[in-house]
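Welcome! Keep the sequence and the 3D view open as you read.

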Amino acid sequence: MILKQKKLYKKIVVMVLLIGLYGCQIVEVKPKPKSKHGLVGLRPLPRSVEESKIKWLSGIGSYDEWSGKFPFVAENTDVLMDYKGCFTTKRAFFEHYLPSDSDWIDTNPETNPLVKKIRDVEKKGMIMEHILICREAELRGKGRRGPFPKDSRILYKKDVDDLRKLFRDAYAKGLLLHDNYKLIQLVTHASFFSDDPKAREIIMKMDGVAYESHQFNRHWPFETGWTCPKELVRGAKWTLAHGKEYIFYYGPFIYKQSKGYYDFVERDWLYKFWKAGLPKHNPHMHYYLNAFPFGSGSNRPVGPESDPHSYLGMMKWLIKEIKYK
């Protein structure tokens, strides 16, 4: 017993001497806290001065013209679509629609359009965050619809398997930086994908779900529109509960020329969705502003961020709601 105490004492003395000799300090390393919220993204348009000259976009300015003049949004936006500008983030997302000229995708990584889109992002030094993907024959009138009439945007199992193999093959050929990417199913119906057993199987092979909520056509008005709050909440919560990512892809928006418009209608809708139970703060719950100047929205100015009615002003508000409240 005494011998053991002496050995322990010697070890303590040696440790004290070493600390004193090398000036070491014992510092408690605390793990970095996990984010309590998801990402906030933006689809900016028009991006350039040239794009802003297009007739239906004229007069609202461009993100290039406001470059350097929206410091809060530039610093705090997490993900961007098809643009970099003065934003500090390196994360990117885009929409991708499966072929309208054939039934199945091109599995050759050297000619596949999705591989090319990812390569273009990575060549800019950006990081590919989310691919919002779907079949779109319903609107485009060509190609194979998805397997479910109630939501024909949902991919086939074969689509997902082909895409995963495509990524691996493209990586092996040195065309892509990674051998896999996040496939986010862009859906039409707010909850069908979570109700139908076969649809659930396909979603579970993917990385998440994105739901588009517009402020026009069948989505308008809020009270009788397509985005039923109960269905929206149920679909979002199911996705998150199964370890998947959920993107609330919000927009395009109406503006002053629309019948039924009222001040801050876009904020009011979100407040109503949150009140109904749509998750607001969850590390896998993301909010992407689909700031596409559609219809009367083509009269809404791009900036400045100090104007709460502008697209940059809307983005500033959304960032504060998700990341600072």
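Rings of Phe, Tyr and Trp (its six-membered ring) count as a pair if their centres lie within 6.5 Å, and planes under 30 degrees apart are called stacked, over 60 edge-to-face and the rest tilted. By this rule there are 24 aromatic pairs. One of them joins F93 and Y249: the ring centres are 6.0 Å apart and the planes stand at 90 degrees, so this pair is edge-to-face. F93 belongs to strand β3 (residues 91-97) and Y249 to strand β7 (residues 245-250), so the pair links distant parts of the chain, 156 residues apart. Both F93 and Y249 are buried, where buried means under 20% relative accessible area, exposed over 50% and partly exposed in between (1.4 Å probe, protein chains only).

A few notes on the source: this is a predicted model, in which local features need pLDDT of at least 70 and side-chain atom pairs count only at pLDDT 80 or more, while totals for chains, interfaces and linings use all residues. Residues are numbered from 1 along each chain as its sequence is written, and side-chain values use heavy atoms, with hydrogens and water left out.

Now for the overall fold. Eight strands form a closed barrel in the order β1-β2-β3-β4-β5-β6-β7-β8, with parallel pairing; from one strand to the next, the twist averages 25 degrees. Here helices (H or I, at least four residues) and strands (E, at least two) are DSSP runs numbered from the N terminus, and two strands pair if DSSP finds at least two bridges between them. Strand β1 (residues 40-42) runs parallel to strand β2 (residues 79-81), and two bridges join them. In this pairing, G41 stands opposite V79.

Helix α11 (residues 311-323) packs on the sheet and touches β1 and β8 (285-289), with its direction at about 165 degrees to that of β1. Helix α6 (residues 157-172) lies across β4 (127-134) and β5 (183-187), at about 145 degrees to β5. Contact means heavy atoms within 4.5 Å; axes are lines fitted to C-alpha atoms, for helices over the stretch in contact, and angles run from 0 to 180 degrees between N-to-C directions.

Back to the rings: one aromatic cluster includes W220, F248, Y287 and W317. Charges also sit over rings, meaning that NZ of Lys or CZ of Arg is within 6 Å of the ring centre and within 35 degrees of the ring normal.

| Charged residue | Ring | Distance to ring centre |
|---|---|---|
| R144 | Y156 | 5.5 Å |
| K320 | F72 | 5.5 Å |
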